[in-house]
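Here's a quick briefing to read alongside the structure. Have the viewer open and click along as you go.

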There are 2 protein chains.
Amino acid sequence: MSLLVLGSVAFDAIETPFGKTDKIVGGSASYISLSASFFYNNLNLVSVVGGDFPTNFLNILNSRGIDTQGLQIKHNEKTFFWSGKYHNDMNSRDTLITELNVLGDFDPLLPEKYNDCKYLILGNLHPAVQSTLIERLKNKPELIVMDTMNFWISTAKNQLRDTLALTDVLIINDEEARQLSGEYSLLKASRIIRNMGPQYLVIKKGEHGALLFHKNEIFYCPALPLEEVFDPTGAGDTFAGGFTGYLAKTGDTSFTNMKKAVVYGSTMASFCVEKFGTEKLLELTDDNVKERLDLFLRLSDMGF
Amino acid sequence: MSLLVLGSVAFDAIETPFGKTDKIVGGSASYISLSASFFYNNLNLVSVVGGDFPTNFLNILNSRGIDTQGLQIKHNEKTFFWSGKYHNDMNSRDTLITELNVLGDFDPLLPEKYNDCKYLILGNLHPAVQSTLIERLKNKPELIVMDTMNFWISTAKNQLRDTLALTDVLIINDEEARQLSGEYSLLKASRIIRNMGPQYLVIKKGEHGALLFHKNEIFYCPALPLEEVFDPTGAGDTFAGGFTGYLAKTGDTSFTNMKKAVVYGSTMASFCVEKFGTEKLLELTDDNVKERLDLFLRLSDMGF
């Protein structure tokens, strides 16, 4: 049984108040699969890159147990490229460049062996691509986790609603939750969104933590106060990867275990923002993760 | 041994997206003492009102065990009046009217019997008035808790620093912490501010909860997601009152007990915002408080 990751593998060029990068490897599927690999090592990847993509990054993924047979390489085309600049508060950013390239007509092909998929995570992509992959799977996965973004909520709302109806868990940020539901109160928004399909909803609030909603239950996971948020790129994907990886590892999708998964997702995201791109994830050890989890437990211990 | 509350007792006129009020009773000391009275019943109040202030509100305070001998009534003057309008997101507001009236030359007189003060809470007022009260106490209280606001940080910074040096706990919001420290990162801000005097710092983040800092420890208390924030006026004071009232009740100022006090403060604040002004606090029962505390415990339970 495997965890299947769909999403982009891309180049990013990032500018923050702390510095700027040339083209570095990014993309939702890169962050998700790297983060999940700390918990689960039967990982399959469906994505697409161009001939300009460095093979050594694929070797890194493989070395972490991530199968890349489903990663199409279009040798005569170019990899998806995004460039953005973060504002001083790190809570908002301007997109400077978006070159879709290979993502423009991405057809998510599914290697036969990926049909043992038990857990599926749909990283941020056009919702029609997300639903196509679900349709191509011979068996419905036990758990489908989905991410999306403001762009799809405003430009592909109907297709987004169709995909959402097929999912079990939606992970979005507070701004997206308000946009998707039309409600400012996150409590009200959570009910409207869960009526669209997913029984579980995670609302990420950046430095303010994350909320998990299910039936009448709410769980509030704090974010760790950090010296600096060096680069927020990929933090949401890293959260989703840690969250889903932990669920796959434990094979338990109860509310209690989902809460733990949110804590692990938050733990992984807190590392991601400490360096540019995937740099911190690539140097992280299991001991680092364990130590930081302990910090989260202490941070939220009410003392009762 | 008593808990001494210094602050304003005032009239507010409030406009929110949900409606508007005529002049209703407000002021930092009103919210603080009402909130603290759910935990501790040896409460003394130092404040000032004009001849226009309704005696029935003083009767309400007395009926909740709040001594008002230190509440000066200046019969030929008018009570402090503030009027404000909240924006749609409830996170920002415009001040429409500020009439200082009796607060303009407020001299905080201390009844002799108030010298048994063990715990002192300095509600939001000019920092020179706050420090005057400290000087007039025959014995230094065991714990001095202080609140302040952006206005004093920008207009009376030196006096604020002098008062701050005398306190044990400072309670401010995230914007004020950034303004006072000159640091965006709350972790960095917390160190700078604690170097100014208080060993404990609480940073309130409204709907995003509250942080408690002490030495190398951090505690993050979530806020309860609510259907609506009806009126945020007084929520910070209500937090401070619940926080200090619980510490006075338990007589324990350890970090572990301070964490519980933050949870009780958050619990009380979550009620305050549900109706206009002090309305919700006045109808609240001890059972309501207990039930809501349980919600907070469930909200932050990580499941490990």
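In chain B, helix α1 has these buried residues: Ser28(B), Ala29(B), Ser30(B), Tyr31(B), Ile32(B), Ser33(B), Leu34(B), Ser35(B) and Ala36(B). That's 9 of the 9 residues in the helix, which runs over 28-36, so call it mostly covered. Keep in mind that this is a predicted model.

**The nonpolar core**

- The largest nonpolar core has 187 residues, and Val5(A), Val262(A), Val5(B) and Val262(B) are the ones that touch the most other members.
- Take Val5(A): setting aside neighbours within four places in sequence, its contacts include Ala29(A), Ile32(A), Ser33(A) and Ala36(A).
- Val5(A) also contacts Leu43(A), Asn44(A), Leu45(A), Ile121(A) and Gly123(A).

**Helix pairs in chain A**

*α3 with α5*

- Helix α3 of chain A covers residues 127-136 and helix α5 of chain A covers 157-164; their axes come within 8 Å and cross at roughly 30 degrees.
- Angles under 35 degrees count as roughly parallel, and α3(A) and α5(A) are therefore roughly parallel to each other.
- The α3(A)/α5(A) crossing is left-handed.
- On the α3(A) side the contact uses Pro127(A), Ala128(A), Gln130(A) and Ser131(A), while α5(A) brings Gln159(A), Leu160(A), Asp162(A) and Thr163(A).
- Sorted by class, the residues of this α3(A)/α5(A) contact are 3 nonpolar, 4 polar and 1 charged.

*α6 with α7*

- Helix α6 (174-181) and helix α7 (186-194) of chain A have axes that come within 9 Å and cross at roughly 60 degrees.
- That makes α6(A) and α7(A) oblique to each other, and their crossing is left-handed.
- Asp174(A), Ala177(A), Arg178(A), Leu180(A) and Ser181(A) of α6(A) meet Leu186(A), Ala189(A), Ile192(A) and Ile193(A) of α7(A).
- The α6(A)/α7(A) contact splits into 6 nonpolar, 1 polar and 2 charged residues.

*α9 with α11*

- Helix α9 (255-272) and helix α11 (286-299) of chain A pack at an angle of about 115 degrees, and their axes are 10 Å apart.
- So α9(A) is roughly perpendicular to α11(A).
- The crossing of α9(A) and α11(A) is right-handed.
- Val263(A), Tyr264(A), Ser266(A), Thr267(A), Ser270(A) and Phe271(A) make the contact from α9(A), and Val289(A), Arg292(A), Leu293(A) and Phe296(A) make it from α11(A).
- By class, the α9(A)/α11(A) contact has 6 nonpolar, 3 polar and 1 charged residues.

**Where the chains meet**

- Chain B puts 27 residues in contact with 27 residues of chain A.
- On the chain B side, α7 (186-194), β15 (217-221), α9 (255-272) and α11 (286-299) each supply at least two residues.
- α9(B) gives the largest share of that side, with 4 residues.
- The chain B side that touches chain A is made up of 15 nonpolar, 5 polar and 7 charged residues.

**Loop residues in chain B**

- Lys140(B) sits in the loop between α3 (127-136) and β11 (143-147) of chain B.
- Lys140(B) has 11 other C-beta atoms within 10 Å, so it is exposed.
- From Lys140(B) to Gly7(B) it's 133 residues along the chain, with 19 Å between their C-alpha atoms.
- Leu224(B) belongs to the loop between β15 and α8 (235-250) of chain B.
- Leu224(B) counts as partly exposed because it has 19 C-beta neighbours inside 10 Å, and the cut-off for buried is 20 or more.
- Leaving out residues up to four places away in sequence, Leu224(B) touches Ser270(B), Leu295(B), Phe296(B) and Leu299(B).
- Leu224(B) and Ser181(B) are 43 residues apart in sequence, and their C-alpha atoms are 28 Å apart in space.

**Positive phi in chain A**

- Asn101(A) isn't a glycine, yet its phi is positive, near 50 degrees.
- You'll find Asn101(A) in the loop between β9 (93-99) and β10 (117-122) of chain A.
- Asn101(A) counts as buried because it has 20 C-beta neighbours inside 10 Å.
- Lys215(A), also not a glycine, has a positive phi of about 50 degrees.
- Lys215(A) lies in the loop between β14 (210-214) and β15 (217-221) of chain A.
- With 9 C-beta neighbours inside 10 Å, Lys215(A) counts as exposed.

Definitions and conventions
Residues are numbered from 1 along each chain as its sequence is written. Chains are lettered from A and ligands numbered from 1 in the order in which they are written. This is a predicted model: local features need pLDDT of at least 70, side-chain atom pairs count only at pLDDT 80 or more; totals for chains, interfaces and linings use all residues. A residue is buried if 20 or more other C-beta atoms lie within 10 Å of its own, exposed if 12 or fewer, and partly exposed in between; C-beta atoms are placed from the backbone. A nonpolar core is a set of buried Ala, Val, Leu, Ile, Met, Phe, Trp, Tyr and Cys residues joined through C-beta atoms within 7 Å. Two residues are in contact if their C-beta atoms, placed from the backbone, lie within 7 Å. Axes are lines fitted to C-alpha atoms, for helices over the stretch in contact, and angles run from 0 to 180 degrees between N-to-C directions. Angles under 35 degrees count as roughly parallel, over 145 as roughly antiparallel, 65 to 115 as roughly perpendicular and the rest as oblique. A crossing is left-handed if the near helix is turned anticlockwise from the far one by less than a right angle, and right-handed if clockwise. Ala, Val, Leu, Ile, Met, Phe, Trp, Tyr, Cys and Pro count as nonpolar, Asp, Glu, Lys and Arg as charged, and the others, Gly among them, as polar.
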